[in-house]
Amino acid sequence: MTEKDTELRVSKIRDGTVIDHVPAGEALHVLAILGIDGSGGESVSLGMNVPSGRMGQKDIVKVEGREMSQAELDVLSLIAPDATVNIVREYEVAEKTEIEPPAEVVGLLHCPNRHCITNAGEPVETRFDVISEGVRCAYCETIVREDITDHLAV
Amino acid sequence: MRHDHLLTAKQLSRADIEEVLSRAREFADDPAAHADRHPGALLALCFFEPSTRTKMSFETAAKRLGGDVIDMGSVESSSVKKGESLADTVRVIEGYADGIVLRHPSQGAAQMASEFVDVPLVNAGDGAGHHPSQTLLDLYTIDEHAGLDDLTIGIMGDLKYGRTVHSLAHALTNFDARQHFISPESLRLPRSVRYDLHESGANVREHEDLEAVLSELDVLYVTRIQRERFPDEEEYETVAGQYRIDAETLDAARDDLAVMHPLPRVDEIDPGVDDLPNATYFDQAHNGVPVRMALLDLLLE
Ligand SMILES: [Zn+2]
């Protein structure tokens, strides 16, 4: 089965974003990063556990009428380092982006340490440094390794 | 020392440490002789958690340098009680003082506060995070008794929440030190500290029993295991008892072993150790003044 065939399992969109090569099982987290829970009325298509030559199985997320911000791409890179992000305009891929992990992630994650100053009602944005084994709070230094999306501040 | 603030021991290079220690040695010789260093300098003591000892040693250091302190008093009596943020508090106090010493129960408090002020800020303890000025006086004491290079040190007790331990471990990575960490399984070093030690290539071992390493040590750094870390009293007693030092324990140690403790101790070091030549913890406490004088002197320069 070619990549083209698997693409077709998920309906085509006219304008929006296709996030491909998401690790199998992470599609819902990708929606969480985008802050999409259905209440905004976006048209969303998901392919989950789709066969992939490169990954064995993968997820695909297509969101109509929505392009991703750099901050969203930064968090996405943490859970889906091999994802490809395609901006679609008029049914054609207009831009292809390889995502790269950022040096730090600002304002997007909560610190899980309840004794951290960022959880004390201070006027400060969270800041996490991206390290080899996850992310690390720039204030209390707590390392978050698994389930990064559980700490999304969305 | 090329720093605006002292937030963690991690920011200290070997050269920084040596600079503080050598200046501290000058001050230790005659602490009363340096009142012309910073006449009129005002240091704000912002202690959101009680700590008489650390506060008094900063106060003494400031006054020995010819300066003075302002003290925000206890948290109960201050505007913090009315819900003012730490960020606002330090921004206001910055306008009064030439430097701020901050003790706060939240981890990362000093880092955050430093982002709001231009005057030098010293972290005097942020929750279970860091306590770098304590580390400088620990290093001063270690240097006096055993030297900082080719050092074998055992660090024992509550390694999980012990901020003095975290800061000391980071600082020792600048030297050729073998660090042995001795604790119950439940109070091992936190992941973030182990991560840093690993990244810096530190020579580190972890143990549950002191016996395994005691005879090799130049220094044994003891910290308190706190009752409130344990679900029940009985479990606490069992664990704490294993990490208690008395004269008999030291029979298995080298004669020149230096026993250190950041104080206050409760019962982890038996008073019977106090009169032995190994007892170094009161010297250690006294070293707080010249070391903090040196630190303030460098930050206020
Ligand atoms: Zn944190």
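Begin by selecting strand E1 (residues 16-23) and strand E3 (residues 56-64) of chain A, which run antiparallel and are joined by six bridges. Strands here are DSSP runs (E, at least two residues), and helices are runs of H or I of at least four residues, both numbered from the N terminus; two strands pair if DSSP finds at least two bridges between them. Within this pairing, A:Val22 has A:Asp59 of E3(A) as its bridge partner.

This is a predicted model, in which local features need pLDDT of at least 70 and side-chain atom pairs count only at pLDDT 80 or more, while totals for chains, interfaces and linings use all residues. Residues are numbered from 1 along each chain as its sequence is written, chains are lettered from A and ligands numbered from 1 in the order in which they are written, and side-chain values use heavy atoms, with hydrogens and water left out.

E2(A) and E3(A) form a hairpin with three residues between them; A:Ser52 is bridged to A:Gly56 of E3(A).

Now colour chain A by domain: domain 1 (3-98) and domain 2 (104-151), with bounds from an automatic or database domain assignment. About 610 Å² is buried between domain 1 and domain 2 of chain A, 83% of it from carbon and sulfur atoms. In domain 1 of chain A, select A:His29, A:Val75 and A:Leu78, which lose the most area to domain 2 of chain A and together give 65% of what that side buries. Buried area is the accessible area (1.4 Å probe) that two parts lose on being put together, summed over both. The count of salt bridges between these two domains of chain A is zero; a salt bridge requires a side-chain nitrogen of Lys or Arg within 4 Å of a carboxyl oxygen of Asp or Glu.

Finally, display chain B alongside chain A. The contact (heavy atoms within 4.5 Å) takes 19 residues from chain A and 19 residues from chain B. Chain A and chain B bury about 1600 Å² between them, 48% of it on carbon and sulfur atoms. On the chain A side, select A:Ile117, A:Tyr139 and A:Glu141, which lose the most area to chain B, together 31% of what that side buries. Three salt bridges are counted between chain A and chain B. To view a salt bridge, select A:Arg136 and B:Asp196, whose side chains meet at 2.8 Å, N to O.
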